[in-house]
Amino acid sequence: MKVRLVSVGRDRSGLYEPAVQEYASRLAHYTRFELVELPEAGGKKGKATDARALEADALLARKKPQDLLVALDERGKLLDSVEFSRYVGRARDGAKDLLLVIGGDEGLDERVRQSADLVLSLSKMTLPHRLARVVLVEQLYRAFTLLKGEPYHK
């Protein structure tokens with residue numbers, strides 16, 4: 001199984017990237033994990049729709065036939081850690097790869113949500129995209145430890 005996290009934009013603050021890299025290195029014990037950062041489309045003022053559309057093209061171009069597309073969106077389905085681990089386990093058992101996508105600052109284009117096998121919310125609260133990346137990678141790590149019956153999840 002391969003897990004790819006495709007995210008629009010970079011962490012310019014330097015706050016979140018060390019945590020993402022820590023969990024990414026832990027994930028390497030369970031699965032092939034890849035983090036792909038796409039550039040922001042940078043729509044002109046008032047052109048957020050254009051930026052979302054360009055970013056959607058770039059995100060959807062990354063989808064392969066064997067991928068289950070999981071789109072992160074605050075309006076998505078809320079899963080607890082155990083439910084999320086079961087989703088990951090079903091993907092693994094079905095010989096599917098996971099393609100998780102996080103949009104840019106303007107959010108995801110509707111085409112991405114409609115193309116997704118799962119629209120997932122990490123919280124009812126709006127999270128900075130870079131923080132959402134940390135939370136998601138940690139939850140992926142937690143999911144794999146749950147699937148292996150390891151004591152990380154308490």
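Modeller: Threonine 145 is a place to begin, because its relative accessible area of 0% makes it buried, a word used for values under 20% with a 1.4 Å probe and protein chains only, whereas over 50% is exposed and anything in between is partly exposed. This is a predicted model, in which local features need pLDDT of at least 70 and side-chain atom pairs count only at pLDDT 80 or more, while totals for chains, interfaces and linings use all residues. Residues are numbered from 1 along each chain as its sequence is written, and side-chain values use heavy atoms, with hydrogens and water left out.

Biologist: Which residues is threonine 145 in contact with, leaving aside its neighbours within four places in sequence?

Modeller: Threonine 145 lies in helix α5, where helices are DSSP runs of H or I with at least four residues, strands are runs of E with at least two, and both are numbered from the N terminus. Contact means heavy atoms within 4.5 Å. Once the neighbours within four places are set aside, the partners of threonine 145 are Tyr30, Glu150, Tyr152 and His153.

Biologist: At roughly what angle do the axes of helix α3 and helix α5 cross?

Modeller: The axes are lines fitted to C-alpha atoms, for helices over the stretch in contact, with angles from 0 to 180 degrees between N-to-C directions. Helix α3 (residues 81-93) and helix α5 (residues 129-148) have axes that come within 8 Å, and they cross at roughly 75 degrees.

Biologist: Is leucine 59 buried or exposed?

Modeller: Leucine 59 is found in helix α2, residues 48-60. Beyond its neighbours within four places in sequence, leucine 59 is in contact with residues including Val6, Val8, Leu38 and Gly103, and its C-alpha atom is separated by 8.2 Å from that of glycine 103, 44 residues apart along the chain. Because its relative accessible area is 2%, leucine 59 is buried.

Biologist: Which element gives the largest share of the lining of the largest pocket?

Modeller: The largest pocket has a volume of about 310 Å³, and of the 19 residues that line it, the closest to its centre are Leu72, Asp73, Glu74, Leu127 and His129. The elements giving two or more residues to this lining are β3 (67-78), β5 (118-121) and α5. The largest share, 4 residues, comes from β3.

Note on methods:
On a 1 Å grid over the protein atoms alone, a cavity is a set of points where a 1.4 Å probe fits but cannot get out, and a pocket is an open set with protein on both sides within 12 Å along at least five of seven lines; lining residues have an atom within 4 Å of a point. Grid points are joined across faces, edges and corners, and a volume is the space filled by probe spheres set on the points.
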